[in-house]
Amino acid sequence: SIIFIYEAFKKIFEVGGEYPIVVDLHHPNEYRNCACYNGTQLVGYIPPMTVDECEDKYSSNMTSLGDCPKGQREVLFLSIILMVGTFLVALYLKAFQKLRFLPAKVRRIVSDFAVVISVIFWVGMDAVFRANTPKLVVPSQFSPTEPDKRGFFVNPVPTGFPAWAPVAALLPAILLVILVFMDQQITAIITNRKENKLRKGAGYHLDLFIVSLLFVLCSVMGLPWVVAATVRSVTHVNSLMVFSKTNAPGESPAFLGIREQRVTAFSVALLIGLSLLLTPVLKIIPMPVLYGIFLYMGVSSLKGVQFVERCLIILMPPKYQPDRYYIRHLPNKRTHLFTAIQFACLVILVLVKVTPASIALPIFVLLLIVVRKVMNKIFTENELEILDDRLPEFVKRKKADEKKKKGVPTTASGAGKSVTAVTDR
């Protein structure tokens, strides 16, 4: 989720580099190396003329253009509006189901198609303003990226292939196996957690087996490897949530579970295949709109994550803190210490991921196991059971409430003393 959010802002800053803000378009001296020529005749500088205007008008006789910025100051501002607008509209419409306006069926439809509605609306706004925003680049034909250099299948032993290469590839291959295994299994655990109230069993081994087969096929064809997408998987699960329709006035709908079926996954795969026929439509989609969707997916997937909630609780006065099991049974200092260690590990992983050292990310992921073992020396077993238990929040609270009704006190020891759990804060 953090990477999705980071990439969204990174891409929008790259738009600013390609389309710089020009304060005065009538004094283009600073861009004299970016000139538009009609044959040998100098036609104008860029800016005030844009690169696209020069190419459209003088493309047949243009001899020199240079490495020129686009020089349209409205492009960057409109790109920011498109990204933020797409994110906010999708976020608002997703929560439309919980509002009190319109019939429940209409609210549910709007909520289910929140992202689609947001994309269509902001693509239309881009068309209305007619700004030269960067658009989605799609291929015009079904062929390899460089058909003059290779076909659909890659020769595993090309001419001049050194004999030591397979041996040298063993270490990167081991790191990749670790990363794929961790990514696949962690994603499967998150999507199959008990909070989602799934009825069907999980297929951890089957999923990993299919991923391994796809790895072989993608490697032979030179395609990007297919791995579990954590953010998209969580977003998919969230889109299939079912809420109660009959609730008391003023109460929010209760979460009932996930609508478990195979139609959406099959439809997604089918539409991806049909997108080959929709290239004329796809190429009019502005890239900032897609950045807004990335931002939405990153933010929405953070919802319900206990770590994020604990980070926010640090800034909350005690009387405004939510009623959570770990708040009931642990002192705030112990909870904040656990959160600080997690946050430090997260910062290290993100820094590794966004730097050239990202190839060593699997090693850092494995080191988290060592960190978890060290935490056994810092926290008691009971504290770790409360803060890092696999049982969902509502199950632990239910058990604690049952013990309270029976008169059995629940305690959590920490900082050298035992603390009796209280429910009135």
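This is a predicted model: local features need pLDDT of at least 70, side-chain atom pairs count only at pLDDT 80 or more; totals for chains, interfaces and linings use all residues.
Met287 lies in helix H12, which covers residues 287–300. Is Met287 buried or exposed? Its relative accessible area is 18%, and the cut-off for buried is under 20%, so Met287 counts as buried. Leaving aside neighbours within four places in sequence, Met287 is in contact with Pro134, Lys135 and Leu136. The chain also brings Leu82 into the picture: Leu82 and Met287 are 205 residues apart along the chain, while their C-alpha atoms are separated by 9.0 Å.

The structure holds three of them. In one, Lys135 pairs with Asp126, with 3.4 Å between the closest N and O atoms. The two partners differ in their surroundings. Lys135 is partly exposed, at a relative accessible area of 27%, whereas Asp126 is buried, at 4%.

Another salt bridge joins the side chains of Glu14 and Lys11, at 3.9 Å from N to O. Where do Glu14 and Lys11 lie? Both are in helix H1 (residues 2–18), three residues apart, which is about one turn of the helix. Glu14 is partly exposed, with a relative accessible area of 40%, and Lys11 is also partly exposed, at 31%.

There is also a salt bridge between Arg334 and Glu383, whose closest N and O atoms are 3.0 Å apart. Arg334 belongs to helix H15 (residues 332–353) and Glu383 to helix H17 (residues 381–387), so this pair ties together parts that are 49 residues apart in sequence. Both Arg334 and Glu383 are buried.

H8 runs over residues 204–221, 18 residues in total. From its first C-alpha to its last it reaches 26 Å, close to the 26 Å expected at 1.5 Å a residue. Which residues of H8 are buried? They are Val211, Phe215, Cys218 and Met221. These residues lie on the same side of H8, because they cover an arc of only 135 degrees around the axis. The buried residues of H8 pack against helix H7 (170–191). On the face turned away from the buried side, H8 carries the exposed residues His205, Leu206 and Val216. Just after H8 comes Gly222, which takes a positive phi of about 70 degrees.

Definitions and conventions
Residues are numbered from 1 along each chain as its sequence is written. Side-chain values use heavy atoms; hydrogens and water are left out. Helices (H or I, at least four residues) and strands (E, at least two) are DSSP runs, numbered from the N terminus. The expected span of a helix is 1.5 Å times one less than its number of residues. Buried means under 20% relative accessible area, exposed over 50%, partly exposed in between (1.4 Å probe, protein chains only). The arc is that of the directions from the helix axis to the C-beta atoms. Contact means heavy atoms within 4.5 Å. A salt bridge is a side-chain nitrogen of Lys or Arg within 4 Å of a carboxyl oxygen of Asp or Glu.
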